[in-house]
Amino acid sequence: MPVTPAALNHAEDLADFVAASPSSYHAAEEVARRLEAEGFARLNEDEAWPAQAGGRFVVVRDGAAIAWAVPAAASATTPVNVFGAHTDSPGFKLKPKPTTGAQGWLQAGVEVYGGPLLNSWLDRELTLAGRLVLDDGSVALASTGPLLRLPQLAIHLDRGANEHLALEKQAQTQPVWGLGTPADADLLGEVAAAAGVDASRIRGFDLVVADSARGAVFGAGDVFFASGRLDDLAGVHAGTVALAAGAPAVVEGGASIALLAAFDHEELGSASRSGAAGPFLEDVLERVYAQLGAGIEERYRAFAASWCLSSDVGHSVHPNYAGKHDPNVRPVLGSGPILKINANQRYSTDAVGAAAWAGWCEEAGIASQEFVSNNDVPCGSTIGPITATRLGLRTVDVGIPILSMHSARELAGVSDLHDLSRVAGAFFSA
């Protein structure tokens with residue numbers, strides 16, 4: 001099926017979104033920036049919130065963002081449709097005392113974040129990005145642009161590299177960023193300069209390494225899209241685009257509150273104040289429903305009629321490793337978003353959720369695929385079961401199929417990216 005101009009435009013916009021989001025903190029701010037441009041009011045958690053009915057709002061907590069649109073006729077028992085995703089991606093995070101080096105090289109002291117494919121980070125120009133907390137408590141976002149690189153050892157010095165390359169996480173994953181001695185250099189100074197702040201004012205930092213290359217459309221018929229951090233900025237972007245487009249109709253006559261929840265720290269298990277296992281979504285929902293006059297009884301009634309679409313990437317069948325996949329259920333790039341199913345509740349999808357997903361896909365006019373793991377290959381999990389457990393919302397795990405998951409640069413289908421946003425729009429308007 002040919003890739004449409006709308007799908008190509010969506011992919012190019014996703015490339016812009018990823019480029020603006022080298023860290024979870026940048027991603028949360030980019031969500032807020034885009035939605036504010038569409039008429040959403042940004043709220044602060046330490047201030048009183050305005051009346052909710054008929055409003056559009058966004059709030060950022062650290063590296064997470066939640067945004068919502070409330071029907072003008074909303075009541076204390078109006079349900080909420082939550083589209084969930086996550087802002088973080090596997091990679092590396094800067095350690096304390098990060099300016100290191102050896103043999104005349106300047107290096108960065110980093111720690112592995114989540115479960116990246118380590119070899120995929122070799123020989124790429126890398127960015128250092130995240131937040132700096134200054135001496136007055138203010139926060140500055142920073143992104144250096146291409147600064148670091150993990151140089152691979154030449155095959156002449158390891159003739160068996162093609163048979164057994166395995167990196168030692170401490171000794172062999174410290175990127176270079178210059179020449180000299182650590183005593184005469186300051187990596188945080190480089191980051192501070194990129195942020196336009198005085199390095200002496202830095203009191204704390206959360207900085208990660210990101211691939212600096214821009215996302216690209218390629219392949220016969222422009223069917224492929226490759227980029228860093230598709231897990232899960234593809235989901236965050238799809239939800240942001242859908243909410244921005246659908247918010248006016250939701251406010252005018254929607255039957256449900258439309259809410260985007262972009263959590264941080266999913267790659268670590270979500271157990272943080274800004275992760276899905278933390279209180280952020282519940283905090284927001286309690287405040288929204290309190291403004292709508294809901295007590296405990298009304299809020300539980302609303303939740304009983306609510307839904308959560310947990311959107312994260314899943315595995316496409318790999319042409320070179322077909323045996324790693326279920327022999328019968330084999331999603332492939334370009335054939336639609338996926339419904340993720342697991343008998344052991346690593347995904348939350350059940351029969352009721354599967355039926356609802358089919359209806360939203362039909363409403364959006366898109367095809368869907370199913371994903372299930374090979375019984376001999378352990379299944380990962382995501383924010384779906386966590387959200388269902390915390391709030392009791394009926395939750396469906398979905399996403400897009402990709403190859404090279406947890407690589408520094410992942411591979412998706414252009415049409416799938418656009419179709420995920422289209423079904424998110426149908427979900428928000430349900």
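**Exercise 1. Which helices each supply at least two residues of the lining of the largest cavity?**

Before we start: this is a predicted model, where local features need pLDDT of at least 70, side-chain atom pairs count only at pLDDT 80 or more, and totals for chains, interfaces and linings use all residues. Residues are numbered from 1 along each chain as its sequence is written, and side-chain values use heavy atoms, without hydrogens and water.

*Solution.*
- Step 1: take a cavity as a set of points on a 1 Å grid over the protein atoms alone where a 1.4 Å probe fits but cannot get out; lining residues have an atom within 4 Å of a point.
- Step 2: list the lining, which is Phe-263, Ala-276, Gly-278, Leu-281, Glu-282, Thr-387, Arg-390 and Leu-391.
- Step 3: bring in the helices (DSSP runs of H or I, at least four residues; strands are runs of E, at least two). Helix H6 (280-291) and helix H9 (383-391) are the answer, and H9 gives the most, with 3 residues.

**Exercise 2. Describe the open sheet and its edges.**

*Solution.*
- Step 1: count two strands as paired if DSSP finds at least two bridges between them.
- Step 2: write the order of the 5 strands, S11-S12-S20-S19-S15, with mixed pairing. Strands S11 (216-218) and S15 (314-315) stand at the edges with a single partner strand each, so one side of each has no neighbour in the sheet.
- Step 3: look at one pair. S19 (residues 401-403) and S20 (residues 410-413) are antiparallel over 2 bridges, and Ile-402 stands opposite Ala-412 in S20.

Conventions
1 Å grid on protein atoms, 1.4 Å probe; cavity = no way out; pocket = protein on both sides within 12 Å on 5 of 7 lines; lining within 4 Å.
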